[in-house]
Amino acid sequence: MGENKLREENPGKGWETQRQYALRVRGLWGAAPKKAYVRTYGCQQNVSDSEKLSGMLSEMGYVFTDSPKDADLVLFNTCAVREHAEQRVLGNVGALKGFKAKKPDMLIALCGCMMQERHVSEKIKQSYPYVDLVFGTGALPRFPELLWRALTENGRVFDLEEQNGVVEGVPVRRDGAYTAWLPVMNGCNNFCTYCIVPYVRGREHSRAPEQVLREAEELLAAGVKDLTLLGQNVNSYGKNLQNDWDFAKLLEKLAALPGEFRLHFMTSHPKDASHRLFDTIAANPKISRRLHLPFQSGSDRILRQMNRGYTAAQYRELVAYAKAAIPGLCLTSDVIVGFPGETCEDFKQTLALVEEVGFANLYTFLYSPRKGTPAAEMPDPVAREEKARWFEELLAAQGVKSRAFLESHVGMAGRVLAENVENGLAAGHTDSGVAVSFPAPAAGRFYEVSFTEVKGVTLLGEPKQVPVKENV
């Protein structure tokens, strides 16, 4: 069957079409499998995407190596959120030139958010001629087809076509035995003025609830104990579905599945967080008590400039309700320091919100302009050195609170999943997402652990003799 015939008879771009390409690629190798090296940059969604890419590579007959110099295929799944991430990727792509000079048959592929930026993909095309395959986020489900073309056609392959909807049935090669990512939606409709995500991930598309529930059941049956639901704006789940499903309802249905497991989710947007969502968390002990709710700035003026869709007062009201509804809530957030036009007074309002709310942890960022976003064109008169001083002040203030939060656990006990065990020492997390190290004989079980001390950002503990009884 010729290439055009295959496309004609399979006009859809779902996995069944791509499986035919995967089998074609596998047929190229004969008895000797090829080695693939996959490196992921960026967020949890990128990690989840890489698990799909690795699943497709397995279907295509690849085995995996931890060394790019030993690989027949090097694949970088890239991130576009921060300028530093872009520079790091380009530096590492440059280092591959020497490997390929020694191994001319090596195929180098770049994909992900960074490649969806046109100016970046053009730079790769012009300045990195040894890169064979480039594709964006929308083309990820077509990876077998694109790899087949890169292997059999005379020339480089670039595919930056956007994708609408969600492709089901893509194979997954998961990194963890007891923890798993479970994407429930993709894309973003918010268009925060500093953020590149809507431009590289496209519009919001929610997976059908029956597909999410089916995958969750399969994961739990396979022994997974910790599920993290993923979406660029996860609590806007359901808005494009023609039914009454929203994120709170999805959480309720997932929490009702039988077995002992835990649900996390990220990332939430305050404008889509509701009292109903918080009530759902409070009513279901299987849902993590960690809530990541990025506020970004405590200044209403800056929030308007960011196009965030809420005020500092509205954020405070949400947090107050969540804390009252959910005992033991572990609240974390994101903050951007030095947004264009931010003044010292704006920053002080952010600092005041941090002092008032009492976050367990903050993910703090100095503003990084992203080409193609509105904020990149805004006047930015404040020197970076001044912004760096604000940043250090914020880190110092939050450091005190983060340490106090961890120390408040000492002398208490909590449920901890042993995610892995090495030399009799388990690494895991509490139901509120705090890292714990404790002695344990086996991974994949929940233990009741007494917390004895704080070491860095980790709690040390001692387990009770009997693992936590399963909650069915």
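The axes of helix 14 (residues 344–357) and helix 15 (residues 384–407) come within 10 Å and cross at roughly 10 degrees; axes here are lines fitted to C-alpha atoms, for helices over the stretch in contact, with angles running from 0 to 180 degrees between N-to-C directions. Helix 14 is therefore roughly parallel to helix 15, a term for angles under 35 degrees. Helices (H or I, at least four residues) and strands (E, at least two) are DSSP runs numbered from the N terminus. Helix 14 contributes Cys 344, Phe 347, Lys 348, Leu 351, Val 354 and Glu 355 to the contact, and helix 15 contributes Trp 390, Glu 393, Leu 394, Ala 397, Gln 398 and Lys 401, where contact means heavy atoms within 4.5 Å. By class, seven nonpolar, one polar and four charged residues make up this contact; Ala, Val, Leu, Ile, Met, Phe, Trp, Tyr, Cys and Pro count as nonpolar, Asp, Glu, Lys and Arg as charged, and the others, Gly among them, as polar.

The model is predicted, with local features requiring pLDDT of at least 70 and side-chain atom pairs pLDDT 80 or more, while totals for chains, interfaces and linings use all residues. Residues are numbered from 1 along each chain as its sequence is written, and side-chain values use heavy atoms, leaving out hydrogens and water.

Turning to the aromatic residues, a search of the whole structure finds 15 aromatic pairs, defined by ring centres within 6.5 Å for Phe, Tyr and Trp (its six-membered ring), with planes under 30 degrees apart counted as stacked, over 60 as edge-to-face and the rest as tilted. Tyr 41 and Phe 76 form an edge-to-face pair, because their ring centres are 5.7 Å apart and their planes at 70 degrees. Tyr 41 sits in the loop between strand 1 (34–40) and helix 3 (44–59) and Phe 76 in strand 3 (residues 73–78), so the pair ties together parts 35 residues apart in sequence. Tyr 41 is buried, at 1% relative accessible area, and Phe 76 is buried at 3%; buried means under 20%, exposed over 50% and partly exposed in between (1.4 Å probe, protein chains only).

Phe 295 and Phe 359 form a stacked pair, 5.4 Å centre to centre with 10 degrees between the planes. This pair links parts 64 residues apart in sequence. Phe 295 is buried at 1%, and Phe 359 is likewise buried at 1%. Phe 295, Tyr 310, Tyr 315 and Phe 359 form one aromatic cluster.

Technical notes:
Angles under 35 degrees count as roughly parallel, over 145 as roughly antiparallel, 65 to 115 as roughly perpendicular and the rest as oblique.
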